[in-house]
Amino acid sequence: MNPLAQRIAALIAAQGPISIAEFMTIALHDPKSGYYARQDPFGVAGDFVTAPEISQIFGELLGLWCVQVWRDQGRPSRKRLVELGPGRGTLMADILRASRAAPDFPEGLEVVLVEASPRLREAQRKRLEGWTGPVRWAERLEEALGDEPLFLIANEFFDALPIRQFVRTSRGWSERMVALDVSGSLTFALAPQPARPPRTVPDAPEGAVLEYSAAASATCQEIGRRIADRGGAALIVDYGYEKPGGGETLQAVSRHAFASVLERPGERDLSAHVDFSSLTAGAAQVGAKTCGPVPQGRFLSDLGIARRLEQLIARNPEQRDALASQVNRLVDPAQMGALFKALAILPPTAPKPPGF
Ligand code: SAH
């Protein structure tokens, strides 16, 4: 066991089994040994690669999306652009560069990056050095919000939020916890008393697993409330499923390969597929409108990824194959094009945004 596993085992020995959500929070965010506190997870040398790290076109198209939605809402001068979980800052840098296509968009724009990891905040600050407008950081969404229209972007953020798991047994639903086995190692165990998941699916067979993220639902409610009240739009892109009951999807990833969830906490990325139905329900409950989710491949194609690729190739003909294969990775349904999906949250009266 690594030192963080030992600390978690001591916690369980003292107070009893913990939920998977609690385990994920410690493993990802422990200030000393948590995954996001310790390492830069991105890129070929890291554990995983995200869309903005694959191709600059991803962020450029998202930037143009923001500009179009802002135009559709009458070009409000004061506006806030918030990104949840900005990673290395690449996506925001690409969004801001592309948004200059509309010279009056950057005017009156306040940028806020919501990032839990001090290490990544520093990487983002460096990446955005060239941007002259106001930028600030917040640890939580609530600290990032103001009274202007809110434009919000989140790519691969919701998959990192903690989930709880519920298993259907012959006696009803029971929560799967992290406990200790006889040798004192971390293990999964069902809580002895039944527990009903906050959202259920009808007719789940025995053995079915349901995942629920309270943090994801609450975040979408907060976003939906602001957007319904003040205007703006949110664009959420992530891997996940559309209908409730997506099954067991909690995963650990290390050096681009799947690994065991409970082993070596803090050294591996933990994530779960996003339950888009619960995000949509959260936003709808507070009076916002949602569009999608639509598959990422279709979304990016609708936004003109092929045209932008041609432009880049014309300027860098020697990179033709590399550029084309990056774009293919984003849109090919066998790669990221179908598993990844885009969801928009809008004020109830807003027109349909591009790509949906
Ligand atoms: N959007 C980026 C990074 C995705 S990785 C990209 O597409 O490349 C997830 C990001 O969310 C990291 O920056 C991580 O530090 C951040 N994060 C995870 N959980 C968080 C939380 N609860 N609060 C704030 N940031 C969080």
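**Pockets, cavity and ligand site**

In this predicted model, α8 gives the largest share of the lining of the largest pocket, four residues; helices (H or I, at least four residues) and strands (E, at least two) are DSSP runs, numbered from the N terminus. The model is a prediction in which local features need pLDDT of at least 70 and side-chain atom pairs count only at pLDDT 80 or more, while totals for chains, interfaces and linings use all residues. Residues are numbered from 1 along each chain as its sequence is written, and side-chain values use heavy atoms, with hydrogens and water left out.

Pockets and cavities were found on a 1 Å grid over the protein atoms alone: a cavity is a set of points where a 1.4 Å probe fits but cannot get out, a pocket is an open set with protein on both sides within 12 Å along at least five of seven lines, and lining residues have an atom within 4 Å of a point. The volume of the largest pocket is about 930 Å³, where grid points are joined across faces, edges and corners and a volume is the space filled by probe spheres set on the points. His29, Ala116, Glu139, Phe157 and Leu161 are the closest to its centre among 42 lining residues. Elements that supply two or more lining residues include α2 (20–29), β2 (79–84) and α8 (214–230).

The ligand sits in this largest pocket, the criterion being that more than half of its atoms lie within 2 Å of the grid points. Around the ligand are 18 residues, of which Thr50, Gly85, Gly87, Glu115 and Asn155 come nearest; a residue counts as near if one of its heavy atoms lies within 4 Å. Polar contacts are pairs of N or O atoms within 3.5 Å; within protein, one must be able to donate a hydrogen and the other to accept it, and residues adjacent in sequence count only if both atoms are side-chain atoms. A polar side-chain atom of Thr50 is 2.5 Å from a ligand oxygen atom, and a backbone N or O atom of Gly87 is 3.0 Å from a ligand oxygen atom. A polar backbone atom of Asn155 lies 2.7 Å from a ligand nitrogen atom.

The structure also holds one cavity of 30 Å³ or more. The volume of the largest cavity is about 130 Å³, and 15 residues line this cavity, with Ile163, Ser213, His273, Val274 and Asp275 closest to its centre.
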